[in-house]
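The exercises below are meant to be worked through with the sequence and the 3D view side by side. Try each task before reading its solution.

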Amino acid sequence: MSARSAIIVVENLTKDYASGWLAHRRHRAVDRLTLEVKEGEIFGLLGPNGAGKTTTIKLLLRLIRPTSGTVRLFGRLPEDRLVRAQLGFLPEHPYLPEALTARELLDYFGRLFGLSRSDRSARVALVLHQVGIPASVADRPLRQLSRGELARVGFAQALLHNPKLLILDDPFGGLDPEGRRQVRDWLLRWREEGKTIFLSTPLVAEAEIICDRVALLHRGRLLACGSPAELAPPTAQGAVEILARDLAPQTRESLRARGCDVRADRTLVRICAPASAEGWEAVDFIRRSGGHVIAVNPLRSPLERFFEDAVTASGASPA
Amino acid sequence: MWAHFSGVRRIAAVALASSRELLRERILYVLVGFALLLIGTALLLGELSVGQERRIVLDVGLGAIRVLGIAMAIVLGVRLLEREIERRAIYILLTKPVRRWEVLLGKLIGGALLLFASVAAMTGGLLLTLAAAGRPWREELPLLLPVVFLFWLQSLMAMAIALLFSTFSTSTLSTLSALGLVLIGHASREFLQWAEVVRSPLLALLCRAFYYALPNMQNLNFTAAAVHGREITLSIIGMASAYVVLYLVVVLILAAIAFHGREFR
């Protein structure tokens, strides 16, 4: 198998922001970040709010200039128009010119990419269809669209020119579980089509499902980088939450004696087992005791546990 | 594909989108409507002053076109860019294969087209008012058209100044600064006169610098000529146009430098 080329190369990237009246105070948002993103992979930049994810993305796109360090996309500087022609960007909250309709906006951006009238018409119809925007919505001013519809238009504009690289800042932000599932499906499909995807998200468990490799960022510093399986093997099981009903008081007491945290309201009982092995034992026990299990959910994924451990080891508490 | 694609097309694309956006701004219709109302009011004032209808209608009408044209230029000029920056819509635009100065130029052209249409609509209102006052409006056309054309150039300067401020400042500050500069620009000749009378050479130099830096709005106001039936020659129009083009180029270069260096945190 031939080695895949690096699409994004970041070396010792640092960004300081000045603050105060005389700009005498310095805040380091990104600290000597070095990473590479290979062709055809989904790469996740993970970290809590304020970790430096959006700043890193703005540096990749040259919306801000680095204090030091270098960024290369496709081997070129980010501001190179040949680079821009091959990348699609979705910001954290896709603010779009609200007086235009989705179709007008996409046609406008299509012109900036030099697409002919027929190409624009075909591409606009295709991407609107791909992101599930019907014609009735596409012809309404963007100020009349719901948040979910605006997010879809945001994806449509990023995809319009069929870019090789997608840079997505928190693509799961503000979406309900169904919306997240749909975005996951899109990302996997676009990877199958050969696109390279660089995304940032605070949702570690979400990234663990779809990313080939992740980088963990905390307070601007890279804590770890690698595939989720390398960083946190699936055998490292996390805590489990069980939602149950019709549990007798003595069953709850028995579960507490097994080390579970049990909280009950009028209809539901929430049981937190420290690890999945104890969780499945608790599920069996509830069933044997005549209770009904409604749902079993992992509370923390292996990667989330790894991330928390890495933050603790670095001497800082998670934000 | 890229070989056939030029910056002109990108600038045209930005201009088209900008004029589309501005066309849907409610403030535009409010200002044009207000101007038409003022022009219509001139009819009533004209009737009150026997034998002075023409002078009153032209004075009030041209004044309304000039003042509201400039107000429109400043308000829309700031909206062209600053609102996009404040709402962070600019992030997406700047990641497209378009240069920052092309964005500025495209936006100014889009705004200029819309200003042209607005000035044309207000001029139409003035001609209708003249007709309603029983004046032969066709005869007034050769006098009026050069004057409103120069008003349009005036408002273009105001729009470019507003755009320049919005590349590095907030919308409120940009509006106030542009308005201030345009107002002082109506008295820019005073600086030249002060330069003649002050004793300090440094102060004289400063006065001259102000004179050349400020937009010379007086040079583009020929209301009195139109009212008194004096023709505005082609050479005057040509000189005034050349001055405005030169001023726009300088302002756009400054705006491009400021916008190029701007970081979007």
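**Exercise 1.** Find which strands of chain A helix 6 of chain A lies across.

*Solution.* Begin with helix 6 (residues 147–159) of chain A, which lies across strand 5 and strand 6 (165–169) of chain A and runs at about 165° to strand 5 of chain A. Here helices (H or I, at least four residues) and strands (E, at least two) are DSSP runs, numbered from the N terminus, while axes are lines fitted to C-alpha atoms, for helices over the stretch in contact, with angles from 0 to 180 degrees between N-to-C directions. This is a predicted model, in which local features need pLDDT of at least 70 and side-chain atom pairs count only at pLDDT 80 or more, whereas totals for chains, interfaces and linings use all residues. Residues are numbered from 1 along each chain as its sequence is written, chains are lettered from A and ligands numbered from 1 in the order in which they are written, and side-chain values use heavy atoms, with hydrogens and water left out.

**Exercise 2.** Work out the strand order of the open sheet of 6 strands in chain A, and name its edge strands.

*Solution.* The order is 5-6-7-3-8-9, with mixed pairing, where two strands pair if DSSP finds at least two bridges between them. Next look at the edges, where strand 5 (87–90) and strand 9 (221–226) of chain A each pair on one side only. From one strand to the next, the twist averages 15°. Finally, follow strand 8 (residues 213–218) of chain A, which pairs with strand 9 of chain A in the antiparallel sense over 5 bridges; Leu216(A) has Ala224(A), in strand 9, as its bridge partner.

**Exercise 3.** Determine whether Leu126(B) is buried or exposed, and list what it touches.

*Solution.* Locate Leu126(B) in helix 5 (residues 100–132) of chain B. With a relative accessible area of 0%, Leu126(B) is buried, a term that means under 20% relative accessible area, against over 50% for exposed and partly exposed in between (1.4 Å probe, protein chains only). Not counting residues up to four places away in sequence, Leu126(B) touches Ile39(B), Val57(B), Leu58(B), Gly61(B), Leu62(B), Ile65(B) and Leu144(B), contact being heavy atoms within 4.5 Å.

**Exercise 4.** Find which residues of chain B are in contact with Glu104(A).

*Solution.* Start in helix 3 (residues 102–112) of chain A, where Glu104(A) is found. Glu104(A) is buried, with a relative accessible area of 17%, and, leaving aside its neighbours within four places in sequence, Glu104(A) is in contact with Arg20(B) and Arg24(B). The contact between the chains takes 30 residues from chain A and 30 residues from chain B.
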